[in-house]
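Please consult the sequence and the model while reading.

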2 protein chains.
Amino acid sequence: MNGADAVLQTLADNGVEACFANPGTSEMHFVSALDREPRVRPVLCLFEGVVTGAADGYGRMAGKPAATLLHLGPGYSNGGANLHNARRAFTPIVNIIGDHATYHRQYDAPLTSDIAGLASPNSLWLRMAETPDQAADLAAEAVHASFGPPGGPVSLILPADCAWSEATRKGPALARPSLKAPSSDTVDAIARAVRGAVKPVLLIGGAACGERGIRAAGRLSAHGVRVLTDTFVPRQPRGAGRFSPDKMQYFAEMAIADLAGSDLMVMVDTLAPVAFFAYPATPSLLVPEGCTTATLAVRGEDGAAAMEALADALGAPMEAAPNALNLPATPTGEINPYTVGASIARHMPEQTTVSDDAVTSGMPVFLQTRGARPHDWMSLTGGAIGQGIPVAVGAAVACPDRKVLSLNGDGAAMYTVQGLWTIARESLDVTVVVFANHSYRILGVELQRTGAGKPGAAAASLLDLGDPRLDWVALATGMGLPAVRCATAESFDAAFAAAMAQTGPSFIEVAL
Amino acid sequence: MNGADAVLQTLADNGVEACFANPGTSEMHFVSALDREPRVRPVLCLFEGVVTGAADGYGRMAGKPAATLLHLGPGYSNGGANLHNARRAFTPIVNIIGDHATYHRQYDAPLTSDIAGLASPNSLWLRMAETPDQAADLAAEAVHASFGPPGGPVSLILPADCAWSEATRKGPALARPSLKAPSSDTVDAIARAVRGAVKPVLLIGGAACGERGIRAAGRLSAHGVRVLTDTFVPRQPRGAGRFSPDKMQYFAEMAIADLAGSDLMVMVDTLAPVAFFAYPATPSLLVPEGCTTATLAVRGEDGAAAMEALADALGAPMEAAPNALNLPATPTGEINPYTVGASIARHMPEQTTVSDDAVTSGMPVFLQTRGARPHDWMSLTGGAIGQGIPVAVGAAVACPDRKVLSLNGDGAAMYTVQGLWTIARESLDVTVVVFANHSYRILGVELQRTGAGKPGAAAASLLDLGDPRLDWVALATGMGLPAVRCATAESFDAAFAAAMAQTGPSFIEVAL
């Protein structure tokens, strides 16, 4: 048993079942060890942004970490943006970052870099192994640390000699850390505040937006407390039978208007709301003047239990009135994100998992699917576009029996377009939808909102994807996916219905 | 004049003429400023790895920095691997990294991250502006710092409010730092050592591999000193009329065999040679036992001047015998990297710039083009695959009158495949060649060499790109490039001849 075997077996003993990988020479012994550890499924991705985004999608759905296998500092860097998103989603991920042999680092070979420096900002925990036995222990620690709470990516740097040298043993299997519930004093204080408030609002984020949290929030809603989720949440159960909270508006001035008159804001597993970006004449903090803020559960505490306790303390009903199944009529005519959303709501089967990186096209689909069959919605938690395809890859690996729907703006989809190949390679049950508006449309809006003025030729050229137009059907088929382009509401409805009726990969370009 | 105008005008005053960009909301004022500064050409890239690789190619050819425009920490991360390569190429680059407004950072909005932490490892110089006037001064400092010597990427973090608030002035125009020549004592000492050596070898890297350095190295070669370049150099003039040094072998055991008997190794603008990776039974340092090492010029010193002085001191001839024009015959039969190299040598016009990211297919082309028409060769200095297409983008923007040839392994090309779109968009005179062997072939070799054993099913799946096969013609045409697939030596010869005979983008898949 070499160090790579010891690390991999320890990961498996601690529940790791998938390894999204783009390896290089320094990871060859880890690659070879995968041949000897059938509990861990290797999944090749052709770019590290796909690797890390897939691990994020996996972790959100499995509730436990996948491993990534990354090639030194540059391999890690390539995966950095989706690890930023994963950090913001509190997704447990164990990065295994290969490095030069310990004795080789001193020579400054071309691939040498400050891996710890690169990885620190997006790692909850980061260690570098110096021996095979230590690497095995650290593998166990890494899984444990990835759970937080709140969870997030962790990084184990594995020098090549720690992988190829003999190990004497595996690392331990560690118990998963448990969530702490807020004290009854906190619950009582907040119950008093809610009773005394005229227009209380509850803001929930992170794990509090899971199945149990949404149910508890529904009870509070039924008691008269307005419930909002963060604008972007890691994973939210939605659709028929579930409570359907509003969400914080993306644009600051709309959020402020929406919250007008609220006199108490109670946070659960989130922070006080803040504008996604700063704008010259708009406040950053989205708490209305005169509104008191209070925290029921800090990040990483058991927000669902806290909301249940609060609902009990307030004497709230045991269940909210469930959201009814409400499927739109067949859309007709010109295709747009609303007609696409209607078709998605109509045909998406129960248990579909939605990976949303559709930027300006995402909200219409979100609104249209409020009364769709029960499904999960995963949003872009960190604002770094390019996670829609990779997160879908990981979700499909985590839950092979569930249909996955990947919604992408064309600008966003190009970031990690390589993920289409992994969907084809692994025959994942993923339907990829790309909204081809041939622009970074959100930036056209933001250019105005930031007061940067009307775009001239240079600025316009930096927001435009239309010259030449990307041929998404060619790109998808070039990576092995069956693909169609839909230019009318009816054709999308038919194509999407067909995709939902079969199992396996498919791709639809929405020609906007 | 707002801060963005002040920064941009200062960059232009200091010689910056191109800005490779993928902006977001926090960069909208900088984008708008590009409308008002016609000296800087904006070039949109659909992924930041293309942005930074293009800036690398630009800097290698222009000898001065381009700016990049990157969106906060995740945008920087996406460009990180090609900045690693640029750091290893000593390429001046000025990264402008947009950030939240200074007052907004405290709220931990979703895109907030430790930008300075992420950017430090690959930045020679890094500063964060706090006011518009300071930003303007820092823009001048940034250009100056990027020249080193040796040069490299620098990073200026530009908070949104420093861009949108009023500036009172631009920053200064600073003089470019000059190179220092080694002392005559050093030259004399090395001349003595060379005279006393039986089998001296000169190892040159970095800027010493430029036009003047190669000429001076040729004089030393004519005097009986064996000359080698580093395995991977930023830019090397080659072909007919130039001196043609050998290069350090990539594989350590071959390098050691090649250097056997050398009793003196003189380094110019490089460090003692080291294996690219460590292997269990192979030394890391590639200096033969008993071989003395000496440094004629440390990194960033004027290596060309040092070699000229050494050649004078040794009484070397004023010129080496020039490398003769030697074009291969028309290749026939089965296509392989050697036949492709022959066709490239036959048809590549004078002044072609080659961007080599072809991994196992690159060396055959390099060997075949030794006697081709005069050209420049840019190699993968940092080992992070995915620079072949972006570097070609930047080289073509820097030198619009020169044909650019981008050579890529299929695995490497997928990393930054989005760069094909920018080639089409800007109608760059770039011919992209992808060697489609449908595998990470180098890793098949390295798996054996590292002693990781024969690949089983899991390991083999991580080295294989062939299931499904990427359809490169579909991918290239999907991004707007005219593309062909060549499966015989003759068809490639004809297709490549046609690409060289016209001006503008083209794409050839080599079906291996």
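## Helix α5 of chain A

In the predicted model, the buried residues of α5(A) are Gly80(A), Ala81(A), Asn82(A), Leu83(A), His84(A), Asn85(A), Ala86(A), Arg88(A) and Ala89(A); buried means under 20% relative accessible area, exposed over 50% and partly exposed in between, with a 1.4 Å probe and protein chains only. Because nine of the ten residues of this helix (residues 80-89) are buried, α5(A) is largely enclosed by the rest of the structure. Helices (H or I, at least four residues) and strands (E, at least two) are DSSP runs, numbered from the N terminus.

The buried residues of α5(A) pack against elements of chain A, including α3 (48-62), α4 (72-78) and β4 (93-99), and also against α4 (72-78) of chain B. Contact means heavy atoms within 4.5 Å. Just after α5(A), Phe90(A) has a positive phi of about 60°.

## The two chains

## Helix α21 of chain B

Among the buried residues of α21(B) are Phe492(B), Phe496(B) and Met500(B). The buried residues of this helix pack against elements of chain B, among them α13 (337-347) and β15 (404-409).

## Conventions

Residues are numbered from 1 along each chain as its sequence is written. Side-chain values use heavy atoms, leaving out hydrogens and water.

Key: Chains are lettered from A and ligands numbered from 1 in the order in which they are written. This is a predicted model: local features need pLDDT of at least 70, side-chain atom pairs count only at pLDDT 80 or more; totals for chains, interfaces and linings use all residues.
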